[in-house]
Amino acid sequence: RVLQLMNLTDSRLAQAGNEKLELAMLSFFEQFRKIYIGDQVQKSSKLYRRLSEVLGLNDETMVLSVFIGKIITNLKYWGRCEPITSKTLQLLNDLSIGYPFGKSSQILGKREDVRKLVKLSAVQFMLNNHTSEHFSFLGINNQSNLTDMRCRTTFYTALGRLLMVDLG
C-alpha cells in the first residue's frame, strides 16, 4: 500500500507535496531494504509473490528500480527541503554500499548486489546527469552552507562507489 500511495503522491508532486508523508515513505524504504533486499532473503518469499500480483514487481531488481526512481523523484522535487534530501541521499548511499549489512565475509555478495543496481537505467541516468539541471539541490546557492555541502558530498560519494563497483 505504501508503494501504491507513493505512485499517487509522486504524480501530484508538481502541484504540492507533504513533507511528513515523504519522510515516512523514506523510513519505510529504509526498513524494507534492511529486511527484504539482499542475499539472505528468500526470493520466493510471500512478499515478492504479493508484490508481483498487486504491482507487477516480480523480483528484487524491479523493487530496486522503484527505490531508485523514488530517489530521483525526491532529489528533483524536494531539493530545497533538507530533511527529505538528506534522508533520500542516505538511502542512495546505503544502496551504493551494498544493501544487506551483514558479516564482512559477505563483501563479495554485496559487490554483486551493487552490480545489479548499476545496471538499472535510472542509476545510469544519475551517473550521466549529475548536475543541478536535473538535481536542484546541487545548485541551491553559490555560498554553500555546511548542510548543502554534506548533501553534495553524500551524493557524489554514492555515485563514485557506483562508478567504481566493477573495479573491485
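Start with helices H1 and H4. H1 covers residues 2-11 and H4 covers residues 60-77, and their axes come within 12 Å and cross at roughly 30°. Axes here are lines fitted to C-alpha atoms, for helices over the stretch in contact, and angles run from 0 to 180 degrees between N-to-C directions. This is a predicted model, in which local features need pLDDT of at least 70 and side-chain atom pairs count only at pLDDT 80 or more, while totals for chains, interfaces and linings use all residues. Residues are numbered from 1 along each chain as its sequence is written, and side-chain values use heavy atoms, with hydrogens and water left out.

Back to the pair. H1 and H4 are therefore roughly parallel to each other. The cut-offs are these: angles under 35 degrees count as roughly parallel, over 145 as roughly antiparallel, 65 to 115 as roughly perpendicular and the rest as oblique. The crossing of H1 with H4 is left-handed, a term that applies if the near helix is turned anticlockwise from the far one by less than a right angle, with right-handed for clockwise. On the H1 side the residues are Leu3, Met6 and Asp10, and they meet Val66, Lys70 and Thr73 of H4. Contact means heavy atoms within 4.5 Å. By class, the residues of this contact divide into 3 nonpolar, 1 polar and 2 charged. For the classes, Ala, Val, Leu, Ile, Met, Phe, Trp, Tyr, Cys and Pro count as nonpolar, Asp, Glu, Lys and Arg as charged, and the others, Gly among them, as polar.

Now the chain as a whole. How many helices and strands does the protein chain have? There are 8 helices and 0 strands, and along the sequence the pattern reads α-α-α-α-α-α-α-α. Helices (H or I, at least four residues) and strands (E, at least two) are DSSP runs, numbered from the N terminus. Of the 168 residues in the protein chain, 40% are buried. Buried means under 20% relative accessible area, exposed over 50%, and partly exposed in between, with a 1.4 Å probe and protein chains only. Among contacts with a separation of 6 or more, 62% are between residues 24 or more positions apart.

Next, H2 and H5. H2 is residues 19-36, H5 is residues 82-97, and they pack at an angle of about 15° with their axes 10 Å apart. H2 and H5 are therefore roughly parallel to each other, and their crossing is left-handed. H2 contributes Glu19, Glu22, Leu23, Leu26, Ser27, Phe29, Glu30 and Arg33 to the contact, and H5 contributes Pro83, Ile84, Lys87, Thr88, Leu91, Asp94 and Leu95. By class, that contact of H2 with H5 has 7 nonpolar, 2 polar and 6 charged residues.

Staying with H5, its length can be checked. At 1.5 Å a residue, the 16 residues of H5 should span 22 Å, and the end C-alpha atoms are 22 Å apart, which agrees. The expected span is 1.5 Å times one less than the number of residues. Just after H5, Gly98 takes a positive phi of about 125°.

The next pair is H7 and H8. H7 (residues 121-128) and H8 (residues 146-164) pack at an angle of about 115°, with their axes 10 Å apart. Their crossing is left-handed. Val123, Met126 and Leu127 of H7 meet Phe155, Leu159, Leu162 and Leu163 of H8. That contact has 7 nonpolar, no polar and no charged residues.

Two residues of H8 are worth a look. Phe155 is in H8. Is Phe155 buried or exposed? Phe155 is buried, because its relative accessible area is 0%. Leaving aside neighbours within four places in sequence, Phe155 is in contact with Leu75, Leu89, Leu92, Met126, His130, Phe135, Phe137 and Leu138. One of these, Met126, is 29 residues away in sequence and 9.9 Å away in space, C-alpha to C-alpha. Arg150 is also in H8, and at 52% relative accessibility Arg150 counts as exposed.

Last, Leu47 in helix H3, residues 46-55. Leu47 counts as partly exposed, at 22% relative accessibility. Not counting residues up to four places away in sequence, Leu47 touches Phe32 and Tyr36. Tyr36 is 11 residues from Leu47 along the chain, and their C-alpha atoms are separated by 8.3 Å.
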